[in-house]
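Student: I would like to learn how to read a model like this one, feature by feature, starting with the general idea each time. Could we begin once the structure is in view?

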Amino acid sequence: MMTAVNTEMLKDVWQRFLADSRKPWVLFEHGTCVVLTAPDGEPAEQATEMLKEFGPVHAGSSAGDFGVIDLKDAEGWVVTGQHNDVLTYVGPDEPQDQSKIAVGLFGRAKRHRDGTELHVVHVEDKRGSADPA
């Protein structure tokens, strides 16, 4: 069972995880983040199109594949999928079983949900900002 989503906590985790990135990224309701390595137009629209294609899980296809990354600067994991720029955060309190397979399946389910519901909760776009001197 999936727990209630805390958007501010998710935003904080992704901001820390992607702190060095100058690339725009878009956060979806259940913790999936789409990093736009080749931004073109409105970030939320571009990310939504990517997640619509690469978020939903289709049994027997590469859309069901996943990898699990242990985070160094935050508790929890990032679950990868068939597209390198579509990542899903899984918190340490979410899966009861914290084995890699259970975490991966949990993250994949969250990505599927984000890929079918497509609800953007935050856009981070630093392309136009300058670092203070």
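Tutor: Let us start with burial: a residue counts as buried when its relative accessible area is under 20%, as exposed when that area is over 50%, and as partly exposed in between. By this cut-off, buried residues make up 43% of the 133 residues in the chain. Please keep in mind throughout that this is a predicted model.

Student: Which helices and strands does the chain contain, and in what pattern do they follow along the sequence?

Tutor: The chain has three helices and six strands, and read along the sequence they follow the pattern α-β-β-α-β-β-β-α-β. As for overall dimensions, the C-alpha trace spans about 45 × 30 × 25 Å along its principal axes. The radius of gyration is 14 Å, which agrees with the value near 14 Å that a compact globule of 133 residues would have. Of the contacts with a separation of 6 or more, 54% are between residues 24 or more positions apart.

Student: Which residues of helix H1 are buried, and what do they pack against?

Tutor: In H1, residues 7-17, the buried ones are Leu10, Lys11, Val13 and Trp14. They cover an arc of only 165° around the axis, so they lie on the same side of H1. The buried residues of H1 pack against strands E1 (25-28), E2 (32-35), E4 (77-80), E5 (86-90) and E6 (120-124). At the start of H1, a side-chain oxygen of Asn6 comes to within 3.1 Å of the backbone nitrogen of Glu8.

Student: Where is Arg111, and is its side chain in a buried or exposed residue?

Tutor: Arg111 belongs to helix H3, residues 100-117, and with a relative accessible area of 2% it is buried. A polar atom of the Arg111 side chain lies 3.1 Å from the backbone oxygen of Gly55. Leaving aside neighbours within four places in sequence, the contacts of Arg111 include Thr32, Leu51, Phe54, Asp65, Thr80 and Thr88. Thr32 is 79 residues away from Arg111 along the chain, yet their C-alpha atoms are separated by 5.8 Å.

Student: Where is His30, and which side chain does it join in a polar contact?

Tutor: His30 sits in the loop between E1 and E2, and it counts as buried because its relative accessibility is 6%. Its side chain is joined to that of Glu117 by a polar contact of 2.8 Å.

Notes
Residues numbered from 1 in each chain as written. Predicted model: local features only at pLDDT ≥ 70, side-chain atom pairs only at ≥ 80, totals over all residues. Heavy atoms only, no water. Buried < 20%, exposed > 50% of the residue type's maximum accessible area, 1.4 Å probe, protein only. Helix = DSSP H or I, 4+ residues; strand = E, 2+ residues; numbered from the N terminus. Arc of directions from axis to C-beta. Contact = heavy atoms within 4.5 Å. Polar contact = N/O pair within 3.5 Å; in protein donor to acceptor, adjacent residues only side chain to side chain. Rg over C-alpha atoms; globule rule 2.2 N^0.38 Å.
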